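Please look over the sequence and the model first, then read the points below.

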Protein chains: 2
Amino acid sequence: VSKRALDVLVVGGGSFGTALAHVLAANGRRARLWVRRPEIAAEVNERHTNTAYAPGAALAPALTATAELAPSVREAAVVLVAVPSRAFREVAAALGEHLEGDQILVHGTKGIELGTGKRMSEILREETCCLKIGVLSGPSLAAEVMAGHPAGALVASRFDEVVAAVQRLFAGSWLRVYGGRDVVGTEVGGSFKNVIALAAGVVDGLGLGDNTKALLVTRGLSEMAQFGVALGGEVFTFGGLAGVGDLVATCASELSRNHQVGERLGKGEPLEAILASLTHVAEGVPTARAVHQQALRRRLDLPIAAAVHAVIADGTRARDAVKALMARPAGDELAQLRYR
Amino acid sequence: VSKRALDVLVVGGGSFGTALAHVLAANGRRARLWVRRPEIAAEVNERHTNTAYAPGAALAPALTATAELAPSVREAAVVLVAVPSRAFREVAAALGEHLEGDQILVHGTKGIELGTGKRMSEILREETCCLKIGVLSGPSLAAEVMAGHPAGALVASRFDEVVAAVQRLFAGSWLRVYGGRDVVGTEVGGSFKNVIALAAGVVDGLGLGDNTKALLVTRGLSEMAQFGVALGGEVFTFGGLAGVGDLVATCASELSRNHQVGERLGKGEPLEAILASLTHVAEGVPTARAVHQQALRRRLDLPIAAAVHAVIADGTRARDAVKALMARPAGDELAQLRYR
């Protein structure tokens with residue numbers, strides 16, 4: 001649709017980036033995947049697999065990969081960044097060397113920058129000349145997207161053009177992309193849900209049931225919305241795919257790394273031992289710290305987020321944190337949202 | 001707390017009524033359970049069990065039961081009705097013979113009256129002299145409440161006095177009861193979620209994953225909110241325990257009868273065979289019809305509810321209904337809610 005040679009460049013060959021690039025190529029788009037390691041690029045190009053991040057999956061044969069950023073960035077109408085939050089600024093700065101102001105720049109990274117507390121779209125704005133920035137979020141566990149199961153996502157941007165471009169890329173595929181305008185809410189949803197997923201894992205680790213988890217998810221959603229509204233997001237976003245949708249998928253799934261960390265905490269394992277054994281990033285751990293800092297600064301009362309932080313940072317036992325939550329009085333359910 | 005001899009009479013000895021009465025008695029309230037069958041009343045009083053509806057559970061020894069309505073109704077400060085929707089009007093009328101206008105009347109029944117489309121609180125108002133009416137709803141799978149796992153619920157009423165009385169009854173127990181004012185939204189949430197639970201069962205029956213289910217739950221929540229707002233409910237209620245909370249618990253749980261029906265539909269079993277094999281009521285089936293009627297009358301576009309109705313009433317294959325849903329264009333996510 002564009003005069004550029006590529007419809008889309010996906011930046012980041014982890015599980016999520018690979019899944020997105022595969023969907024887009026299978027959907028007939030001219031898609032390329034940038035990966036850091038040349039041997040993975042070669043594997044994608046020659047064998048149409050990415051055994052490190054999409055084990056067992058056959059990638060769309062039309063998908064090409066590269067380990068060189070510059071030429072591909074210049075060719076792409078849309079650049080979609082999907083790298084872990086801790087690598088985000090470095091990658092954004094590298095992109096910034098090559099992007100031109102008319103290009104569309106979207107990210108799918110769920111996290112907050114440690115230290116600064118900045119959202120990923122803020123980093124993109126700081127490190128590139130692009131104005132047309134958006135975020136893609138929602139319940140999209142990579143392995144299931146790769147398997148071709150129907151899924152939904154949300155693209156949010158201040159610019160209708162960004163929303164329309166991303167919806168066009170995925171139109172007709174098994175990933176239904178809805179549109180929205182609330183960038184802040186969409187980014188907060190995707191980050192905050194990992195904190196609640198940790199807590200949901202604790203509930204499962206303690207052997208509690210679906211009622212308890214539903215209580216946690218619902219009150220966690222309310223905290224997420226309070227936090228997001230305080231940062232400038234729109235409350236309704238949290239009732240959508242980037243809020244409750246992503247939260248439900250992550251809390252239900254045994255594929256979620258944050259959920260797994262919580263479950264092991266619930267069973268009494270110490271955090272250090274859990275983190276030491278992980279091969280992938282569990283974004284919920286740093287996000288819990290970032291949320292806690294912001295909540296203190298803004299004087300927000302977020303009991304579940306505070307409990308997760310206490311377990312992670314202060315060594316409170318998960319079982320005691322749950323007991324303390326239950327001992328709080330239950331007031332007016334909507335008090336925090338209705339009278340905002 | 002009251003001058004009456006009983007703090008609470010729970011009307012209905014099914015699984016939910018028994019669980020509520022048990023929690024209340026274990027929480028030190030003077031609680032009695034009314035059951036239709038005298039032999040069950042005797043079993044509760046003598047052996048502290050209800051093997052038909054709470055198999056394996058030891059009931060609080062302080063809980064008494066009766067099969068005679070009149071004397072117990074007069075003694076109770078709060079009457080809490082938990083009978084299936086199809087028996088609701090008959091039981092309400094029987095209560096109406098004995099209730100006095102100062103008594104507090106609350107129900108925990110999730111359904112809509114067939115034919116009239118009326119909500120349970122409307123039936124209570126029609127059949128009794130009570131004005132102080134409320135509804136108790138939320139994610140409270142009976143077996144888990146019975147097991148003592150932490151759970152949350154919402155009591156909604158136009159009267160603060162009703163909310164306070166019910167919160168007082170449960171204060172200190174493992175059932176956290178939040179308060180609200182939106183009776184319509186709370187009743188719609190509890191009913192509509194069974195329709196979405198049927199659809200979630202279909203998704204599981206078809207072998208799709210957590211992404212697909214999260215998409216369904218999120219879009220189903222949006223339909224529930226549209227429907228509830230059209231009936232006069234408040235949109236925020238659907239983000240709370242009676243909306244998303246109950247929806248999440250029901251869609252996740254294999255204990256949910258509606259989920260089970262959907263799962264068997266997804267696997268290709270005909271509805272007649274499924275219904276013939278059930279020993280309990282699956283409220284989602286009649287509710288899907290009631291919602292469909294109302295949606296037509298009010299010209300609401302509720303694609304998931306319509307798909308469930310098509311499978312149940314028109315014999316559409318579950319697999320084809322899912323395909324048709326996915327073929328719809330994905331627009332602005334919040335269009336239906338934001339511009340209401």
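A:Lys118 and A:Glu126 form a salt bridge, with their closest N and O atoms 2.7 Å apart. A salt bridge here is a side-chain nitrogen of Lys or Arg within 4 Å of a carboxyl oxygen of Asp or Glu. This is a predicted model, in which local features need pLDDT of at least 70, side-chain atom pairs count only at pLDDT 80 or more, and totals for chains, interfaces and linings use all residues. Residues are numbered from 1 along each chain as its sequence is written, chains are lettered from A and ligands numbered from 1 in the order in which they are written, and side-chain values use heavy atoms, with hydrogens and water left out.

**Salt bridges**

- Over all chains, the rule counts 42 salt bridges.
- A:Lys118 is partly exposed, with a relative accessible area of 27%. A:Glu126 is also partly exposed, at 41%. The classes are buried (under 20% relative accessible area), exposed (over 50%) and partly exposed (in between), with a 1.4 Å probe and protein chains only.
- Both residues belong to a network of salt bridges that links A:Arg89, A:Glu113, A:Lys118, A:Glu126 and A:Glu127.
- A:Arg4 forms a salt bridge with A:Asp102, with 2.9 Å between the closest N and O atoms. A:Arg4 lies in the segment before β1 (6–11) of chain A and A:Asp102 in the loop between α4 (85–96) and β5 (104–107), so the pair ties together parts 98 residues apart in sequence. Helices (H or I, at least four residues) and strands (E, at least two) are DSSP runs, numbered from the N terminus.
- A:Arg4 is buried, at 17%. A:Asp102 is partly exposed, at 46%.
- A:Asp320 and A:Arg317 meet in a salt bridge of 3.3 Å, N to O. A:Asp320 is partly exposed at 33%, whereas A:Arg317 is exposed at 53%.

**A buried residue in chain B**

- B:Asp7 sits in strand β1 (residues 6–11) of chain B. B:Asp7 is buried, at 8% relative accessibility.
- The side chains of B:Asp7 and B:Arg30 are joined by a polar contact of 2.7 Å. A polar contact is a pair of N or O atoms within 3.5 Å; within protein, one must be able to donate a hydrogen and the other to accept it, and residues adjacent in sequence count only if both atoms are side-chain atoms.

**The interface of chain A and chain B**

- In contact (heavy atoms within 4.5 Å) are 54 residues of chain A and 54 residues of chain B.
- The two chains bury about 4,500 Å² between them, 61% of it on carbon and sulfur atoms. Buried area is the accessible area (1.4 Å probe) that two parts lose on being put together, summed over both.
- A:Arg176, A:Asn211 and A:Phe236 supply 17% of the area that chain A buries against chain B, more than any other three residues.
- α9(A) gives the largest share of the side of chain A that touches chain B, 9 residues.

**How the copies are related**

- The same surface serves both copies, as 100% of the contact residues of chain A recur in chain B.
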